[in-house]
Amino acid sequence: MKLNELKARVAREDYDIDPDVVAEALVNRMLAVHRALRRTDVRELLGDGLPEISLSQNSCS
């Protein structure tokens with residue numbers, strides 16, 4: 001759905017908003033961004049060794 005159409009429907013009260021669904025989507029997005037930033041930080045610290053560490057940890061389990 002196009003953003004302008006959605007805005008118009010909300011303004012006309014022609015669109016139901018479930019606050020629980022909105023809150024869950026926002027939290028999920030924030031967590032995804034946080035995880036991505038942490039992965040980036042780890043890669044910067046470890047360099048190219050990260051894939052090898054992941055593989056060696058999986059083989060030990």
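Let's start at Asp-14. Its relative accessibility is 42%, so Asp-14 counts as partly exposed; buried means under 20% relative accessible area, exposed over 50%, and partly exposed in between, with a 1.4 Å probe and protein chains only.

A word on the source. This is a predicted model, where local features need pLDDT of at least 70, side-chain atom pairs count only at pLDDT 80 or more, and totals for chains, interfaces and linings use all residues. Residues are numbered from 1 along each chain as its sequence is written, and side-chain values use heavy atoms, leaving out hydrogens and water.

Back to Asp-14. Arg-9 forms a salt bridge with Asp-14, at 3.7 Å, N to O. The term means a side-chain nitrogen of Lys or Arg within 4 Å of a carboxyl oxygen of Asp or Glu. Arg-12 also bridges to Asp-14, with the closest N and O atoms 3.4 Å apart. Shared partners join Arg-9, Arg-12 and Asp-14 into one network. The count is two salt bridges. Arg-9 is partly exposed at 21%; Arg-12 is exposed at 53%.

Next, the surface. Val-10, Tyr-15, Ile-17, Val-22, Leu-26, Val-27, Met-30 and Leu-31 form a nonpolar patch, with about 700 Å² of accessible area together. Patch residues have over 30% relative accessible area and no salt bridge; nonpolar side chains are joined within 5 Å. Areas are Shrake-Rupley, with a 1.4 Å probe. Helix H2, residues 19-46, gives the most, five residues. Helices are DSSP runs (H or I, at least four residues). Val-10 sits in helix H1.

Finally, confidence. pLDDT runs from 0 to 100. The chain mean is 78. Helix H3, residues 50-60, has the lowest mean among the elements, 53.

Conventions: pLDDT = per-residue confidence, 0-100. Helix = DSSP H or I, 4+ residues; strand = E, 2+ residues; numbered from the N terminus. Patch = residues over 30% accessible without salt bridge, like charges linked within 9 Å, V, L, I, M, F, W, Y side chains within 5 Å.
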